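Here is a friendly walk through a few local features of one protein chain. Have the sequence and the model side by side as you read.

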Amino acid sequence: MFKINYKKLLLKKNIEPITCLTAYSKPLAILIDGKVDLILIGDSLGTTLYGMKNTRTVTLEMMKNHGKAVVKNTSISMTIIDMPYNTYRNKKEALNNARNILNFTKADYIKIETDKKNIGIVKHLSKNKIKVVSHIGITPQKFSDFNKIKSVGKNSKDINELMLLARQLEDAGSKFIVLECVSLTAAKKITKSISIPTIGIGASKYCDGQVLVIDDVLNFNSKSKKPKFVKNFTNIENNIVSAVKMFVKEVKSKKFPSRNKSYK
Ligand code: KIV
């Protein structure tokens, strides 16, 4: 199988949904490579992997290290890496950090959380040949408490503002737009009004593609509160717990390690 390219994904708009999942490590990258179109090394790793309260304490170094592990083990899917909080506050800072993260990880795209104040940064990065994915709607880096997150785009004023922002981000050179926690009416209108693909998370089936955090798909961290849009497609914790119980049982009964697992 050949590496997926942007042209191929653009052709999917209005035809076939684009698929995207997060991965933060080599084993998961290997498992999902080629099964989804896009792999996102999201700064959600701060909360899902490191147990942080929000994504604001994720550092550039953390993103670079996880990004490198994922990209090195991905050969078919395209890869997107998040720029963490406070690493793109102005054009110069954004360009330096984007180049740093892309040179180190070799990811295909960087993703930044965008609003009308940083459209100029998207334009500056794009002009400098950085491929940008914009993220609008609910942008988690703005929240210190995830429980306060609600959906947006509920009335015509908000929908028009989101549509305008999406069009401006397309004009600024964005390659995709992630829509997070956006009403289905807003998602439908935004998706129809731009020619680049929208990728939704909690933004209905009316987007050109869907993204979820892999830990939610697998039902890791099952005890923590999850947003309404999350769907668990399996329960990996059951498998892990039963494997651990079996290990403990076999060690205690001296069934493991058996002779053929020992050196002579
Ligand atoms: O960090 C992340 O995983 C994300 C997705 C929620 C879109 O940005």
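Lys254 sits in the segment after α10. In this predicted model, Lys254 has a positive phi of about 60° although it is not a glycine. With a relative accessibility of 71%, Lys254 counts as exposed. Pro257 also belongs to the segment after α10, and the peptide bond that joins Phe256 and Pro257 is cis, with omega about -5°. As background for both features, most residues other than glycine have a negative phi, and most peptide bonds are trans.

A further residue to look at for its backbone is Lys129, which is not a glycine and has a positive phi near 65°. Lys129 is part of the loop between α6 (119-127) and β5 (132-137). Its relative accessible area is 75%, so Lys129 is exposed.

Together with Ile240, Val244, Phe247, Val248 and Val251, Phe256 makes a nonpolar surface patch of about 480 Å². Val244, one of the patch residues, belongs to helix α10. The relative accessible area of Val244 is 46%, which makes Val244 partly exposed.

Which residues form a positive surface patch? They are Lys26, Lys68, Lys72 and Lys106. Lys26 is located in helix α2 (residues 26-32) and is partly exposed, at 47% relative accessibility.

Now to the charged pairs. Side chains of opposite charge can pair when their charged atoms come close. The count here comes to 11 salt bridges.

| Asp208 | Lys13 | 2.7 Å |

Take the salt bridge between Asp208 and Lys13 at 2.7 Å. Asp208 lies in the loop between β7 (198-201) and β8 (209-212) and Lys13 in the loop between α1 (6-11) and β1 (18-22), so this pair ties together parts that are 195 residues apart in sequence.

Glu161 is partly exposed, with a relative accessible area of 42%, while Lys157 is exposed, with 56%.

Asp216 lies in helix α9 (residues 214-218) and Lys226 in the loop between α9 and α10 (236-252), so the pair ties together parts that are 10 residues apart in sequence. Asp216 is buried at 10% relative accessibility, and Lys226 is partly exposed, with a relative accessible area of 26%.

Salt bridges can also join up, and Lys12, Glu16 and Asp37 are linked in a network of them.

Glu170 is buried yet has no salt bridge. Where is the nearest side chain of opposite charge to Glu170? It belongs to Arg167, 6.9 Å away. Leaving out residues up to four places away in sequence, Glu170 touches Ile194, Ser195 and Ile196.

Gly209 is placed in strand β8 and is buried, with 0% relative accessibility. Although Gly209 and Thr19 are 190 residues apart in sequence, their C-alpha atoms are 5.6 Å apart in space. Not counting residues up to four places away in sequence, the contacts of Gly209 are Ile18, Thr198, Ile199 and Gly200.

Gly46, in turn, is found in helix α3 (residues 45-48). Gly46 is buried, with a relative accessible area of 0%. Beyond its neighbours within four places in sequence, Gly46 is in contact with Gly51, Met52 and Val58. Gly46 and Pro84 are 38 residues apart in sequence, with 9.9 Å between their C-alpha atoms.

Conventions:
Residues numbered from 1 in each chain as written. Predicted model: local features only at pLDDT ≥ 70, side-chain atom pairs only at ≥ 80, totals over all residues. Heavy atoms only, no water. Patch = residues over 30% accessible without salt bridge, like charges linked within 9 Å, V, L, I, M, F, W, Y side chains within 5 Å. Areas by Shrake-Rupley, 256 points an atom, 1.4 Å probe, with all protein chains shown as cover. Salt bridge = Lys/Arg side-chain N within 4 Å of Asp/Glu carboxyl O. Lys, Arg positive; Asp, Glu negative; His and termini not counted. Charge placed at Lys NZ, Arg CZ, Asp CG, Glu CD. Helix = DSSP H or I, 4+ residues; strand = E, 2+ residues; numbered from the N terminus. Buried < 20%, exposed > 50% of the residue type's maximum accessible area, 1.4 Å probe, protein only. Contact = heavy atoms within 4.5 Å.
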